[in-house]
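The notes follow in the order in which I looked them up.

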2 protein chains.
Amino acid sequence: MRILLIGAGGVGGAFAAIAARRDFFEALVVADYDLARAERAAATDSRYAAARVDASSAESVAALCREHRITHVMNAVDPVFDMPVFDGAFAAGADYLDMAMSLSKPHPEAPYERTGVKLGDEQFAAAEEWEEAGRLALVGIGVEPGLSDVFARYAADHLFSEIDELGTRDGANLVVTDDDGNEIFAPSFSMWTTIEECLNPPVIWERERGWFTTPPFSEPEVFDFPEGIGPVECVNVEHEEVLLMPRWVDCRRVTFKYGLGSEFITILQVLHTLGLDRTEKVRVKGVEVSPRDVVAAVLPDPATVGPRMTGKTCAGLWVTGTGKDGQPRSTYLYHVVDNSWSMAEYGHQCVVWQTAVNPVIALELLATGAWQGAGVLGPEAFDAVPFLDLLTAYGAPWGRREQ
Amino acid sequence: MRILLIGAGGVGGAFAAIAARRDFFEALVVADYDLARAERAAATDSRYAAARVDASSAESVAALCREHRITHVMNAVDPVFDMPVFDGAFAAGADYLDMAMSLSKPHPEAPYERTGVKLGDEQFAAAEEWEEAGRLALVGIGVEPGLSDVFARYAADHLFSEIDELGTRDGANLVVTDDDGNEIFAPSFSMWTTIEECLNPPVIWERERGWFTTPPFSEPEVFDFPEGIGPVECVNVEHEEVLLMPRWVDCRRVTFKYGLGSEFITILQVLHTLGLDRTEKVRVKGVEVSPRDVVAAVLPDPATVGPRMTGKTCAGLWVTGTGKDGQPRSTYLYHVVDNSWSMAEYGHQCVVWQTAVNPVIALELLATGAWQGAGVLGPEAFDAVPFLDLLTAYGAPWGRREQ
């Protein structure tokens with residue numbers, strides 16, 4: 001296996017650090033538009049090389065694949081570049097993995113009731129082509145989407161006879177402080193992506209209605225997260241799980257709720273009120289910039305906040321329905337990472353580490369043949385057990401809470 | 001009198017429209033960095049000409065003054081350009097008026113307790129030079145500062161024997177709607193300046209303590225504004241009145257509270273939390289921009305929102321102390337402008353109209369000799385009565401409420 005990692009930001013850097021400890025692949029090329037950043041991430045392992053790439057160009061991606069005889073392209077850039085990286089991998093005959101899916105476009109008339117272009121639609125439109133070519137695009141294989149989807153498959157196969165709702169619930173108690181110890185606002189994940197997923201109309205799936213949307217921040221709910229994180233206010237957010245799970249897992253309803261907390265919700269609402277979430281460029285004193293890029297640029301780089309961060313992050317899936325014993329069941333399958341552990345063990349903050357570990361595991365399962373497939377597939381299309389076993393073997397076990 | 005108006009934005013455009021109806025001056029040159037904008041404002045009157053100017057360059061301002069034999073420079077650009085325009089006027093031997101004062105810098109160690117460089121400090125440092133040259137710089141002659149300072153002088157001369165507090169209180173019930181009639185966020189005044197004055201440490205003056213500062217949005221108070229505007233939440237804000245009034249009017253305390261309302265306060269707090277209020281440029285995908293300039297650029301231009309705005313704006317001064325009769329007295333001197341009136345009468349929205357009318361009146365009083373002076377002076381250094389009479393004659397009478 002010869003891997004091309006596109007993107008050496010927070011998640012890409014953590015991916016490189018985690019993969020360096022595994023021997024299932026032969027070579028890994030770390031590519032970024034910023035060559036120096038790629039070189040820093042590539043310095044960790046003798047199997048690694050660094051390259052410059054333009055992720056907005058399928059040709060640039062394909063050329064790099066051919067140059068390095070790449071078998072698997074690992075996409076770790078903002079999902080705005082999903083399609084060129086996806087197309088570039090296909091053009092070069094490589095398999096493809098990402099941690100998100102191609103972006104959505106709201107319904108032009110009823111954005112908060114009906115779906116427009118859905119997350120992943122552009123990729124699923126190419127599914128037949130990939131299948132016929134015998135190539136695999138494994139989409140949504142981060143932690144959420146990713147591990148949450150593996151949990152869905154596990155619940156369907158091993159815990160439930162009938163599933164009512166698959167409800168992904170994500171929450172944390174992370175705090176970032178400045179040099180003087182004062183708490184500062186510093187998102188632990190790409191602000192560009194956070195704005196994208198939180199301000200787009202949240203999508204819900206129900207067996208009778210199919211996919212539909214609601215206004216942002218709908219159905220607020222306080223969810224009690226495990227391992228000391230405690231109660232956090234969660235709201236509906238547009239997320240890939242809702243598009244993936246119903247395709248492979250039988251259930252009645254699929255939701256995603258994100259534990260944003262009220263301060264973050266206020267910030268996102270203000271950005272939207274002012275139009276600072278917009279991606280179209282505006283003219284500002286002789287130059288042109290995208291307001292959302294400016295918001296991301298003024299905040300600390302999520303890849304650098306680790307040393308100033310404390311707390312834990314939790315990703316998980318709340319499953320309700322009927323257990324194998326015929327009794328009503330409500331189970332939360334989850335994965336918690338403590339920032340102090342990921343920093344000490346890998347030098348990467350917990351949110352990017354937790355995202356990056358899952359595609360490394362998936363690649364290892366593909367390398368060993370434990371996972372096999374062709375077409376455009378989500379993580380729930382594969383057997384969950386070898387994945388969860390390997391997650392534990394990587395030193396970050398998952399948990400289960402009956403509730 | 002030959003006037004050079006620097007800045008053809010919201011307030012500059014309204015100034016040109018108001019002055020066009022008066023005959024006290026011979027010529028007016030409208031200058032802007034955007035010549036087309038200057039030409040539009042200059043098209044209203046045969047005494048007007050348009051020119052391009054770089055307000056950040058004292059030489060550019062002085063050269064224009066000499067070319068057009070300017071006697072009075074009217075500064076109507078963002079206060080960041082106060083010093084070059086002020087210096088350019090002096091270099092060319094012209095008198096000077098502005099509607100703000102030179103900017104402050106917070107105290108480096110105790111920004112929310114002590115003043116650093118105060119509003120107007122740079123201008124007052126040059127007062128002797130102006131006085132010796134026999135030239136007048138009339139600073140802070142908009143509506144607030146400006147009319148509020150005239151009210152302070154009026155209260156001291158005609159209503160009170162002893163003044164306890166001079167408290168400027170500004171509030172409005174303005175609403176801006178989009179083409180579909182939905183309420184939108186659209187400040188009626190320069191967002192750059194609003195951020196500057198609202199996020200800087202508010203300044204207060206007390207006879208015993210002198211000038212001192214507090215944290216932003218301190219001492220919230222609901223003030224009931226007249227003529228149907230009603231109660232609005234007001235908070236301390238850094239403003240020129242607090243620096244001007246104690247220099248010429250005997251009193252115990254001077255404050256400025258702005259009726260921001262809770263939504264606007266939240267927006268400003270979020271901008272500050274994210275660092276989007278910063279003026280230093282940041283690098284964003286290959287270009288450099290000031291985040292605050294981006295915030296201003298994404299919002300509707302205050303000069304263009306008039307037709308979509310409804311409501312009234314109120315500027316006023318709440319004076320407490322002992323009346324001429326020796327009894328305790330509490331009086332609110334105020335000026336209300338209804339947007340529908342200013343739009344119908346002048347084609348300019350009420351906030352910029354209310355700001356612009358005051359320097360036109362001041363120039364008329366200087367032209368007729370009713371006001372005379374040399375040095376760097378505030379509006380309270382002059383007799384209030386001819387000013388208030390002329391304000392009524394301009395069709396926008398002021399009011400008084402005993403409370």
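**Entry 1. A polar side chain**

I note at the outset that the model is predicted. The side chain of Asn236(A) makes a polar contact with the side chain of Glu219(A), at 3.3 Å. I then looked for a further partner and found Ser218(A), whose side chain is joined to that of Asn236(A) by a polar contact of 3.0 Å.

I next placed the residue in the fold: Asn236(A) belongs to strand β13 of chain A, which covers residues 230–236.

Asn236(A) is in contact with Pro202(A), Ile204(A), Phe217(A), Ser218(A), Glu219(A), Thr255(A), Phe256(A) and Lys257(A).

**Entry 2. Where chain B meets chain A**

I turned to the contact between the chains, to which chain A and chain B each bring 25 residues. About 2000 Å² is buried between the two chains, and 82% of it lies on carbon and sulfur atoms.

How many salt bridges are there between chain B and chain A? I recorded 2 salt bridges. In one that I examined, Asp293(A) pairs with Lys285(B), and the closest N and O atoms are 3.6 Å apart.

I then asked which elements supply the chain B side. Those giving two or more residues are α10 (261–274), β15 (282–284), β16 (287–289) and α11 (291–298) of chain B. Of these, α10(B) gives the most, with 7 residues. By class, I noted 16 nonpolar, 3 polar and 6 charged residues on the side of chain B that touches chain A.

**Entry 3. Helix α14 of chain B**

Last, I examined helix α14 of chain B, residues 384–393, whose buried residues are Ala384(B), Phe387(B), Leu388(B), Leu390(B) and Leu391(B). Viewed down the axis of α14(B), these buried residues fall within an arc of 160°, and therefore line one face of the helix. I related this to the general rule that an α-helix has 3.6 residues a turn, so residues three or four places apart point the same way.

The buried residues of α14(B) pack against α7 (147–159), β19 (328–338) and α13 (350–368) of chain B.

I checked both ends. At the start of α14(B), a side-chain oxygen of Asp383(B) comes to within 3.2 Å of the backbone nitrogen of Val385(B). Just after α14(B), Gly395(B) has a positive phi of about 95°.

Notes
Residues numbered from 1 in each chain as written. Chains lettered and ligands numbered in written order. Predicted model: local features only at pLDDT ≥ 70, side-chain atom pairs only at ≥ 80, totals over all residues. Heavy atoms only, no water. Helix = DSSP H or I, 4+ residues; strand = E, 2+ residues; numbered from the N terminus. Polar contact = N/O pair within 3.5 Å; in protein donor to acceptor, adjacent residues only side chain to side chain. Contact = heavy atoms within 4.5 Å. Buried area = accessible area lost by both parts, 1.4 Å probe. Salt bridge = Lys/Arg side-chain N within 4 Å of Asp/Glu carboxyl O. Nonpolar A, V, L, I, M, F, W, Y, C, P; charged D, E, K, R; others polar. Buried < 20%, exposed > 50% of the residue type's maximum accessible area, 1.4 Å probe, protein only. Arc of directions from axis to C-beta.
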